[in-house]
Amino acid sequence: MSFTGTRHRRAATPLTRGFIAVGTGAAALLLPLLGAQAASAAPTPAAATAPAARTAAYTDDLDGWIKESLAVMAEHGIPGSYEGIHRNVMRESSGNPLAVNNWDSNAAAGTPSKGLLQIIDPTFLAYHVPGTSTDSFDPVANITAACNYAADRYGSIDNVNGAY
């Protein structure tokens with residue numbers, strides 16, 4: 001049978017109207033009493049299991065990018081320290097997130113090194129960390145992908161002391 005969009009409900013009789021009125025009146029009388037007993041109840045499961053909002057704010061500079069990267073790395077089990085990242089960033093790009101190396105063998109092959117940690121696109125894509133931008137010039141994405149690569153290759157960005 002097809003549904004036409006109209007619904008019919010049974011008409012209420014005087015007897016059912018009386019039960020509804022008495023039922024709602026009784027509920028109105030009992031609710032304050034029941035509420036007083038339940039006032040010390042535990043929070044609802046939804047409130048108890050709601051994820052905590054990320055409250056950390058990071059500055060839009062090298063210090064903030066490194067700190068945010070370290071937080072993402074910690075979530076994904078990628079080792080590295082502020083000092084190790086900073087040392088390598090300063091050697092690779094002097095802290096310029098838009099740095100591009102147009103003169104080395106990678107550039108000659110058509111894949112220049114980019115960003116703070118001078119990572120080439122194929123390596124960036126292979127070691128991209130979920131939750132970060134897919135833009136290799138994005139400072140946090142660049143740092144986390146490069147640190148992920150360094151962890152795989154050298155154990156940690158902290159073990160990198162030259163071009164990698």
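Me: In this predicted model, which residues is Ser69 in contact with, leaving aside its neighbours within four places in sequence?
Reply: Ser69 is in contact with Pro139, Val140, Ile143 and Thr144. Ser69 itself lies in helix H3, which covers residues 62–76.

Me: What makes Ser69 count as buried?
Reply: The relative accessibility of Ser69 is 0%. Buried means under 20%, so Ser69 counts as buried.

Me: Why is Gly80 called partly exposed?
Reply: Gly80 has a relative accessible area of 28%. The class of partly exposed residues lies between the limit of 20% for buried and that of 50% for exposed; the value of 28% falls between them, and Gly80 is therefore partly exposed.

Me: Where is Gly80 placed, and what does Gly80 touch beyond four places in sequence?
Reply: Gly80 is in the loop between H3 and H4. Its contacts are Leu70, Met73, Ser156, Ile157 and Asp158. Between the C-alpha atoms of Gly80 and Ser69 there are 9.7 Å, with 11 residues separating the two along the chain.

Me: How do you know that Asn88 is buried?
Reply: A relative accessible area of 0% is computed for Asn88. As the class requires a value under 20%, Asn88 is therefore buried. This residue belongs to helix H4, residues 82–93.

Me: What does Asn88 touch, not counting residues up to four places away in sequence?
Reply: Asn88 touches Leu117, Ile157, Val160 and Gly162. Asn88 and Val160 are 72 residues apart in sequence, yet their C-alpha atoms are 7.4 Å apart in space.

Me: How many aromatic pairs does a search of the whole structure find, and why is the pair of Tyr127 and Tyr149 called edge-to-face?
Reply: The search finds 1 aromatic pair. The ring centres of Tyr127 and Tyr149 are 5.3 Å apart, and a pair needs centres within 6.5 Å. The planes stand at 75°, which is over the limit of 60 degrees, so the pair is edge-to-face.

Me: What makes this pair a link between distant parts of the chain?
Reply: Tyr127 is in helix H6 (residues 121–127) and Tyr149 is in helix H7 (residues 139–154), with the two 22 residues apart. Tyr149 has a relative accessible area of 14%, under the cut-off of 20%, and is therefore buried.

Me: What is the volume of the largest pocket, and which residues lie nearest its centre?
Reply: The volume is about 230 Å³. The lining has 13 residues, and Asn106, Ser113, Gln118, Ile120 and Tyr164 lie nearest the centre. By class, the lining divides into 6 nonpolar, 5 polar and 2 charged residues.

Me: How many helices and strands does the protein have, and in what pattern?
Reply: There are 7 helices and 2 strands, arranged along the sequence as α-α-α-α-β-α-β-α-α. Of the 164 residues in the protein, 29% are buried. Among contacts between residues at least 6 apart in sequence, 50% join residues at least 24 apart.

Definitions and conventions:
Residues numbered from 1 in each chain as written. Predicted model: local features only at pLDDT ≥ 70, side-chain atom pairs only at ≥ 80, totals over all residues. Heavy atoms only, no water. 1 Å grid on protein atoms, 1.4 Å probe; cavity = no way out; pocket = protein on both sides within 12 Å on 5 of 7 lines; lining within 4 Å. Points joined across faces, edges and corners; volume = space filled by probe spheres on them. Nonpolar A, V, L, I, M, F, W, Y, C, P; charged D, E, K, R; others polar. Phe/Tyr/Trp six-rings, centres within 6.5 Å; stacked < 30°, edge-to-face > 60°. Helix = DSSP H or I, 4+ residues; strand = E, 2+ residues; numbered from the N terminus. Buried < 20%, exposed > 50% of the residue type's maximum accessible area, 1.4 Å probe, protein only. Contact = heavy atoms within 4.5 Å.
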